[in-house]
Amino acid sequence: MKNNGLWLAVMGLWVLSSPALAADPMSLPAVNLATNPDGTQTYSITLQVLVLMTALTLLPAILMMMTAFTRIIIVFSILRQAIGLQSTPSNQILIGLAIFLTIFVMSPVLKEINEKALQPYMKEELQPLAAVEVASVPLRKFMLAQTREADLDLFVELAGKDRKFASLDEVPLTIVIPAFVTSELKTAFQIGFLLFIPFLIIDLVVASVLMAMGMMMLSPMIVSMPFKIMLFVFVDGWAMVVGTVASSFGL
């Protein structure tokens, strides 16, 4: 801890003694607001970087709540539980596989965001707020395509019974996102239930055989696990599960 404090003190002294700050302590303005010829205003690059770094803290929530990640990781977790493996594959492997499968599923949406929002913003053809608004359009379209009408109506009602929207484009993201997450949870549990059935049958058969043989002291889980793994490998389970989850998004 002493060494860390020493390094921080040295770095602080170096920054304070830099020629730029020594010449002009106010040479690094906190906010630099520029007015464009058309009347719009833009902030300095320094402030934009600060806003971007702050937005990065919301990146995990955006990844989980506004993409296909939620459905995929829940299905993988239920599958591991159904087989009876507590830590194999590990959480890191499941999360990594879920992230790359999410990128695969979301690739059309990401491509549209890049072409219509990110590239124009990088070329300074769009202001930051306008770029965010344009980028939200394909993302909203994806979420609404996966959202059940009943879940959407539920959150519209919770937002206010007198609120009526002429089209889905008028529904704010504050309603679309929770409705989308609710639908994703229901869909993920439905897929997980279907995956659980064959492994549950193997557990019941093994438990019945052990009970008939009088081997009640032997845990059925120990005997059934090799059979479940063998069945999963025999039917090429990973390819089947990954393909099923990906196709459930309409690919």
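Predicted model: local features only at pLDDT ≥ 70, side-chain atom pairs only at ≥ 80, totals over all residues.
Biologist: How many residues does helix 7 have, and how far does it reach?
Modeller: Helix 7 runs over residues 128-146 and has 19 residues. From its first C-alpha to its last it reaches 28 Å, close to the 27 Å expected at 1.5 Å a residue.

Biologist: Where does the kink in helix 7 lie?
Modeller: The kink lies at Val137 and is about 25°.

Biologist: Which residues of helix 7 are buried?
Modeller: Among them are Ala131, Ala135, Ser136, Pro138, Leu139, Arg140 and Phe142. The buried residues pack against helix 5 (69-83), helix 6 (91-122), helix 8 (149-159) and helix 9 (173-212).

Biologist: Why does Arg140 count as buried?
Modeller: Arg140 counts as buried because its relative accessible area is 15%, and the cut-off for buried is under 20%.

Biologist: And what is Arg140 in contact with?
Modeller: Leaving aside neighbours within four places in sequence, Arg140 is in contact with Leu168, Asp169, Val171, Pro172, Leu173 and Val176.

Biologist: A change of topic: which residues form the nonpolar patch on the surface?
Modeller: The patch is formed by Phe193, Leu194, Ile197, Ile201, Val205, Val209, Met213 and Met215. Together they have about 760 Å² of accessible area.

Biologist: Where does Met215 lie?
Modeller: Met215 lies in the loop between helix 9 and helix 10 (220-234).

Biologist: Why does Met215 count as partly exposed?
Modeller: Met215 has 35% relative accessibility, so it counts as partly exposed; that class covers values between the 20% limit for buried and the 50% limit for exposed.

Conventions: Residues numbered from 1 in each chain as written. Heavy atoms only, no water. Helix = DSSP H or I, 4+ residues; strand = E, 2+ residues; numbered from the N terminus. Expected span 1.5 Å × (residues − 1). Bend = angle between axes of the 7 residues up to and from the residue. Buried < 20%, exposed > 50% of the residue type's maximum accessible area, 1.4 Å probe, protein only. Contact = heavy atoms within 4.5 Å. Patch = residues over 30% accessible without salt bridge, like charges linked within 9 Å, V, L, I, M, F, W, Y side chains within 5 Å. Areas by Shrake-Rupley, 256 points an atom, 1.4 Å probe, with all protein chains shown as cover. Salt bridge = Lys/Arg side-chain N within 4 Å of Asp/Glu carboxyl O.
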